[in-house]
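Please work through the exercises below with the sequence and the model at hand. Each task is followed by a stepwise solution.

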Amino acid sequence: MEIKFNSCSVDQPYQSIIKELLNDYSSIRNKHYSQKCIKILEKTYPDSSLFLTHSATAALEMIALLIDIQKGDEVILPSFTFISTANAFVSLGAVPVFVDIDPETFNMDLNQVEDLITENTKAVIAVHYAGHACDLIHLKTICNKHNIFMIEDAAMSFGNTFRGNPLGTYGDMGVISFDVTKQISSVQGGLLLVNNKKFSKSSNIVYNIGTNKQQLLDGDISYYEWVGKGSKFQMNELSAVVLYSQLMNYSEILIKRRNLSLLYYQLLADLEKNQFLKIIPSQFLSENFNTFYILLKNKNQRETMALHLSQYGIETMFHYIPLHDSKMGVSFGRKELPITNLVSDCLLRLPLHSQLKETDVHYITDKIKEFWR
Ligand SMILES: *Cc1c(COP(=O)(O)O)cnc(C)c1O
């Protein structure tokens, strides 16, 4: 018996579409499948300019270029996140200013943000942990008051909303990840959402390797040339085929993941009630697509539980060495972020993917219960 932590959705006609693409040079050149993906994504994000990228990391790097990060600029972000959230900005010379997280949602504690704003602050980067929304209205008020950019790292949030609107559409810009570790995947890929019209022109230049190629495609000019900064941030067409195959029925994939996480919740609720462990807050269950986690009492118990489950072939994952505590992070000065460290020590993510069966969830939760017997 072996239960993987995640998988790439298998019920799609990848092979036939890839074969078709590889036999058609002009489809590859014209990015036929990227365009088909954009058509579908435009229904979800009608008011944003969309750019398919080779990763969410690339989309964050585009944002750092677009807001023109200079040496010494400060960006405020949680320490409880993936490296790219910080690195995209730090690579251009920004100083990361880490905030602790809220003990219920594991999102940045918004009550601590305002005290950290200085005259060097350029942006706040909100991370929606596991696709669970930050209070974007509250954060927007803070950012507007101090005239700084609000960026959403919605890498884990495809399909998730806040007050009826998709995550990634509230900030000046936002990113989604289509990595194989996320709910919908192109094997490796991402999406940049540009919501602030101020970046309409510059985002095309940065995306097209620093050229005005978009104007050529729009028929406004007859040659394109080098006009600014940029890179080859675009998604590979082979990845676009995989993404398109999944986007054709993405809600099925999302619903399957959500239903499995509901089942986990029901089967583990008693353990939470009797205070053996904590599970994700119930308010997130209706849109829980990305991650199902449990929290143990301490790091030692978390490690023992992970080992116990692995003996039954069940693969689990912790989440994040906190950025402020990592080798690179401490080079910006030591900080005390107690909730971040506590959650990092105690959190364990359980298998969640569209090939997981209900019987697997019963098996996994039985083994979790057995731990205390
Ligand atoms: C996965 C993830 C990223 C990176 O996404 P890639 O597509 O792998 O580059 C960035 N931020 C967060 C919060 C993530 O979960």
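The model is predicted: local features need pLDDT of at least 70, side-chain atom pairs count only at pLDDT 80 or more, and totals for chains, interfaces and linings use all residues. Residues are numbered from 1 along each chain as its sequence is written, and side-chain values use heavy atoms, with hydrogens and water left out.

**Exercise 1.** Determine how strand β2 is covered and which strands pair with β2.

*Solution.* 
1. Strands are DSSP runs of E with at least two residues, and helices are runs of H or I with at least four, numbered from the N terminus.
2. In β2 (residues 74–78), 5 of 5 residues are buried, that is, under 20% relative accessible area with a 1.4 Å probe, protein chains only.
3. E74, I76 and P78 point one way, whereas V75 and L77 point the other way.
4. Pairing requires at least two DSSP bridges between the strands. β3 (residues 95–99) joins β2 in the parallel sense over 5 bridges, and F98 is the bridge partner of L77.
5. Strand β4 (residues 121–127) also runs parallel to β2, with 3 bridges; there A123 is the bridge partner of V75.

**Exercise 2.** Describe the geometry of helix α10 and the packing of its buried residues.

*Solution.* 
1. α10 (residues 250–273) has 24 residues and spans 34 Å from first to last C-alpha.
2. The buried residues of α10 include I253, L260 and L271.
3. These buried residues pack against α9, β10, β11, β12 and α14, contact meaning heavy atoms within 4.5 Å.
4. After α10 comes Q275, with a positive phi near 60°.

Note on methods
Buried means under 20% relative accessible area, exposed over 50%, partly exposed in between (1.4 Å probe, protein chains only). The expected span of a helix is 1.5 Å times one less than its number of residues.
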